[in-house]
Amino acid sequence: MRYDILESPLGELLVAADDAGLRKLSFLAGSGACVPGKTWQRARGAFAGLAAELEAYFSGEPVSFSAPVAGDGTAFQRRVWRALCDIPHGTVASYGDIARAIGSPGSVRAVGAANGANPIAIVVPCHRVIGSDGGLTGYAGGLDIKRQLLAIEGIEVDGRDRVNDGVGQVSLPLR
């Protein structure tokens with residue numbers, strides 16, 4: 001596994017990939033922080049294309065990330081993660097929206113667990129998922145990072161950590 005540490009306006013990011021694609025993109029701070037595995041090899045500059053896309057993202061541009069995603073997870077988790085990629089830049093969806101999008105409307109809690117296990121931050125935009133009441137719920141990088149990511153996309157969060165616009169208004173394709 002190749003990895004590098006990328007700088008971002010929100011802190012350092014660990015990125016790791018192998019021949020199958022991107023395996024990790026994690027903030028080095030917060031509860032979801034990741035450290036390189038013992039057998040991982042540092043590859044400085046190997047992720048220049050992703051770094052440029054992230055730079056565009058952090059400047060507020062909607063970005064279609066080009067790196068193939070190959071996060072390790074169960075079949076259910078991968079279905080959820082694919083659905084997350086269908087949430088448009090600058091839009092939020094609830095856990096219920098995602099459950100319905102994957103054809104499993106009764107699995108809201110399981111969707112939440114899969115969302116929390118997402119190994120590829122930003123590219124697989126789990127920060128765009130909020131509670132049905134508009135609340136931010138949680139984020140592996142911390143709620144402050146989630147607020148900042150949403151702000152980068154033009155999504156306003158009120159003083160009670162609620163997003164009032166867009167909840168339940170996203171029509172995602174079934175996967």
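In which strand does Asp 4 have its place? Asp 4 sits in strand β1, where helices (H or I, at least four residues) and strands (E, at least two) are DSSP runs, numbered from the N terminus. The model looked at here is predicted: local features need pLDDT of at least 70, side-chain atom pairs count only at pLDDT 80 or more, and totals for chains, interfaces and linings use all residues. Residue numbers start from 1 along each chain as its sequence is written, and side-chain values use heavy atoms, with hydrogens and water left out.

To stay with Asp 4 for a moment, this residue counts as buried, at 6% relative accessibility; buried means under 20% relative accessible area, exposed over 50%, and partly exposed in between (1.4 Å probe, protein chains only). Leaving aside neighbours within four places in sequence, Asp 4 is in contact (heavy atoms within 4.5 Å) with Leu 13, Leu 14, Val 15, Arg 42, Ala 43, Arg 44, Gly 45 and Phe 47. Val 129 lies 125 residues away along the chain, and its C-alpha atom is separated from that of Asp 4 by 27 Å.

Now for the sheet. It is an open one of 4 strands, ordered β3-β2-β1-β4, with mixed pairing; two strands pair if DSSP finds at least two bridges between them. The edges are β3 and β4 (41-42), each pairing on one side only. Helix α1 (residues 48-58) packs on this sheet and touches β1 (2-6), β2 and β3, with its direction at about 140 degrees to that of β2. Here axes are lines fitted to C-alpha atoms, for helices over the stretch in contact, and angles run from 0 to 180 degrees between N-to-C directions.

Strand β2 (residues 13-18) runs antiparallel to β3, joined by 6 bridges. Within that pairing, Asp 18 stands opposite Gly 21 and Ala 17 stands opposite Leu 22. A hairpin through 2 residues links β2 to β3. The pairing of β1 with β2 is also antiparallel, over 5 bridges, and there Ile 5 has Leu 14 as its bridge partner. These two strands form a hairpin with 6 residues between them, and Gly 11 in the turn has a positive phi of about 120 degrees. Of the 6 residues of β2, 5 are buried, so the strand is largely enclosed by the rest of the structure.

What about open space? A pocket is an open set of points on a 1 Å grid over the protein atoms alone, where a 1.4 Å probe fits, with protein on both sides within 12 Å along at least five of seven lines; lining residues have an atom within 4 Å of a point. Grid points are joined across faces, edges and corners, and a volume is the space filled by probe spheres set on the points. The largest pocket holds about 290 Å³. Its lining has 21 residues, and the closest to its centre are Gly 116, Asn 118, Cys 126, Ala 140 and Gly 141. β3 (21-27) and α4 (108-116) are the elements that give two or more residues to this lining, with β3 supplying the largest share, 4 residues.

The second largest pocket comes to about 190 Å³. Among the residues lining it are Pro 62, Phe 65, Cys 85, His 89, Ile 122 and Arg 128.
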